[in-house]
Structures are given as structure tokens and as C-alpha cells.
Amino acid sequence: MKIKKTQVCIIGSGPAGLLLSQLLHNEGIDSIILDRQTRERIEARIRAGVLETGTVEALEEAGVGDRLHAEGLPHSGFDLSFNGDHHRIDIAGLTGKQVMVYGQTEVTKDLIKRRLAQGCEIIFSVNNVEPHDVIQAKPKVRYTKDGETVEIECDFIAGCDGFHGVARQAIPADILKTYERVYPFGWLGVLTERPPVAEELIYAHHERGFALCSMRSKTRSRYYIQCAAEDDVADWSDDRFWDELVIRIGEDTAKHLLRGPSFEKSIAPLRSFVAEPMRYGNLFLAGDAAHIVPPTGAKGLNLAVSDVRILSRALIDFYKNRNATYLENYSATCLRRVWKAERFSWFMSTMLHQFPDFSPFEKKMQRAEFDHIAGSETASRSLAENYAGLPLE
Ligand code: APR
Ligand code: PHB
């Protein structure tokens, strides 16, 4: 069996794994990244696109801030719409911060390009990845590629392999505790090469279901409508999608809508999920490998980045100062922030979507949540602070 050695073996070449590798490299710490997918498949994934200030700072530190600032769109607020009533959340006025609209697809492309340019070993299209000896001083990761079995000897394993990855499974069932809420609907998303319907994002509650108007640039728009979890995307023609979106965002907004052919159309399920602990021996989980949020709060990528900022600080302090305190506190530090983001994403999802089993009272509570936010600067500020990004710890 072929043997490789590195300091940190990273499973997963998504935003979490790539950013971790870059931040470690900046401090002279070596890593190898493994991914079961091809580079092309990874770079073709369509994901959300709202970056918190902390995420922007981390990407600048990683040396991939140039295109982000050249092509990203700084946003100072967004619109909440509830059965035709509107309330703008003034992020800048309430928090002094902005968010950056820049597709996660582009973040991933920028990170892969930089990592490869700096000679990072990213091994794509691997199979049978298996963490071993994770509680030993020298854990190992085995994988196969082109029929050959390889073993990587390392000091630490970073499980950045997403919700469907293998790293979380290396934590014994009697230690791992998971928490989950699966939502009774999905999001049907569309990308179209048309200017967005409005300058800022619109999150709309409507009796027929939720809708979101977002964007990737001034010429490329991203729209979502709530649909049945079991819907087949083949049943949603472009015309059916646009007609439904117009109803849910209302005529006043829709008169600015430029319909166009969709060049990406897909349905995504919604779930809240957390796995505890995020560390087991020398295995550390980061990003979707440890938690999932419904996209209503735009937290998925931002949570992955905050995990990585905490993990990279811990690993750097260990290698530079032989101080293991941050490593020992990693899981608790991350989970404090993860659960707050889970709460916010769950809150936004509960307020804005149609739930088939909601009683008339619960529907009244949805409206009351909106009215409370619209009528209280304190409530609006709380929402704005969560959306713009809570402190790292
Ligand atoms: N072996 C090797 N690689 C794997 C395995 C495996 N067994 N399982 C999954 N992977 C790879 C996937 O191919 C993917 O490229 O791990 C990577 C995980 O990347 P993401 O799913 O993007 O997760 P993360 O880096 O944590 O980023 C979280 O991505 O999915 C969105 O909404 C999510 O915005 C959030 C962000
Ligand atoms: C997106 O642009 O894809 C997007 C934006 C905000 C969200 C979710 C998705 O809350």
C-alpha cells in the first residue's frame, strides 16, 4: 500500500475543506484534500450566495478577496413581504454592517484555483475514503484511486465532507448525538440570465407558499418558490414557475420581473440538523459534515466558514505554540454559534413558509411575528444582527 504523509488530512473539497487548507497553508501547515467528486462537478454546484462580513474577512485572509470585491454586490438590507405587506430590514442602519451577495460556486472556484496554484495536493475522484485510528496520536485516512489503495498518515483529520460524508460516521454511535428537523416542503430554485426584479433580496410569505427573489449579479437572477417535498422538477415548466412567483411576490413587485429561460432548475429539501460533538480524538468536523440549516437564513456557507476560522486558529496555535486549549474547546465553541444560527434559520423558515399542519392559531403567530418585527426597531435589529452574522464567539 502506498503511504503519504501530511499534517492535516482534509476530507472534502467544498468551501470548508478548501478554506481550512488555505488558512493552514498561510501559517506553513501542510494538508492534503480528498474529494470523491471531480473538480468539474464540485465547481458546477449551485448554492446560496449571501456572505457575512466575517466570511468576507476570512476569504480576504485566504487571498481570494479580489474577484469577490470586484464582482460581489454589497447589500445594506433586504425586504420581508407578508401577504403583500412589506418591511425592509435595514441591515446597515441597524447593525452598521453589510452582507456581500456572491455565489458560493464562485467562492469554491476561487479557493480551488488558489490552492492548486500554491501546489496544494487536492486529490479528486477518490473512493472508499476511511478515517482510521482517529483517537491515536497518528490517525490515518485510507482511500482508493485508479485501483490503488493509499494510506495518508497525519496528525489531524478534518471532516469537511458535508452532510452525506463519512467523517461523522467515525464518531462512535454511543458518543455521537444528532438533532434533526425535516421540513414538510422543498425549495424549487431557478437561475436565469435576466436582471433581478429588485436591487435587494425579497423574502415573501404568501398563502400559496414562500418565495425568495435573489441574484448572482446585475444580469443574473436567482429565484425560489416553496414546493411540495415530493415535487418533480419536470412538472415545473418555466411558465408555471414564473406564474406562481408572480402570485407570491405580488403585482407591485412583479411588474419589474423580467422572465427568462431557466438555465438551472432544481428542488432542494430543507432540514435543520446538528451533530454533537464536532470533535472525536484527532478528528474534527466542520461545515455541513456537522450541521445543516434551511437556506431561509442564508447561513450554510457562513457557518462552515466560522467553523473553519475556529478550527484553523486552534490548529495553528497547536503547531506554533504546542497549545491544545483551542483544540480542546473547539466543539463547544463552534456549537454555541451553530445553535444560534440553527435557531435563526428555523425562525425565518417557520415565519415565512406554509406548513400543511399549522392550525389557524399558528398561522396567526406567523403574522404576529412579522408585525412584531415590522413594528419594533429592537426586533428588526435582532433579526438584522443574526442575518449580518453574529460574533465568532
Ligand atoms: N469522500 C470524499 N469526499 C467526500 C465524501 C467522501 N466520502 N463525501 C462527501 N465528500 C465531498 C463532496 O464531494 C463535497 O465536495 O465533500 C465535499 C463537501 O462539501 P460541501 O457539501 O459543500 O460542504 P461544506 O464544505 O461544509 O460547505 C457547506 O456548502 O452544501 C453547501 O449549503 C451548504 O453552503 C453550505 C456549504
Ligand atoms: C441565493 O441567492 O441562492 C440565496 C440567498 C439568500 C438565501 C438563500 C439563498 O437565504
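1. The model is predicted: local features need pLDDT of at least 70, side-chain atom pairs count only at pLDDT 80 or more, and totals for chains, interfaces and linings use all residues. Residues are numbered from 1 along each chain as its sequence is written, chains are lettered from A and ligands numbered from 1 in the order in which they are written, and side-chain values use heavy atoms, with hydrogens and water left out.

2. Ligand 1 is surrounded by 24 residues, where a residue counts if one of its heavy atoms lies within 4 Å of the ligand. The closest are D35, R45, R47, Q104 and D288. By class, this shell has 9 nonpolar, 9 polar and 6 charged residues; Ala, Val, Leu, Ile, Met, Phe, Trp, Tyr, Cys and Pro count as nonpolar, Asp, Glu, Lys and Arg as charged, and the others, Gly among them, as polar. Helix 1 (15–25) and helix 9 (300–321) each supply at least two residues of the shell; helices (H or I, at least four residues) and strands (E, at least two) are DSSP runs, numbered from the N terminus.

3. Which side chain has an N or O atom 2.7 Å from an oxygen atom of ligand 1? The side chain is that of D35. Taken alone, ligand 1 exposes 710 Å², of which the protein buries 89% (Shrake-Rupley method, 1.4 Å probe).

4. Around ligand 2 there are 14 residues, the closest being Y203, S214, R216, Y224 and P295. An oxygen atom of this ligand is 2.7 Å from a side-chain N or O atom of R216, and a backbone N or O atom of P295 lies 2.7 Å from an oxygen atom of ligand 2. The protein buries 100% of the 280 Å² that ligand 2 exposes when taken alone. Strand 16 (211–215) and strand 17 (221–227) are the elements that give two or more residues to this shell.

5. The structure holds 2 cavities of 30 Å³ or more. On a 1 Å grid over the protein atoms alone, a cavity is a set of points where a 1.4 Å probe fits but cannot get out, and lining residues have an atom within 4 Å of a point. Grid points are joined across faces, edges and corners, and a volume is the space filled by probe spheres set on the points.

6. The largest cavity has a volume of about 60 Å³, and helix 10 (residues 325–352) gives the largest share of its lining, 3 residues. The second largest cavity has a volume of about 50 Å³; the largest share of its lining, 3 residues, comes from helix 9.

Notes
A polar contact is a pair of N or O atoms within 3.5 Å; within protein, one must be able to donate a hydrogen and the other to accept it, and residues adjacent in sequence count only if both atoms are side-chain atoms. On a 1 Å grid over the protein atoms alone, a cavity is a set of points where a 1.4 Å probe fits but cannot get out, and a pocket is an open set with protein on both sides within 12 Å along at least five of seven lines; lining residues have an atom within 4 Å of a point.
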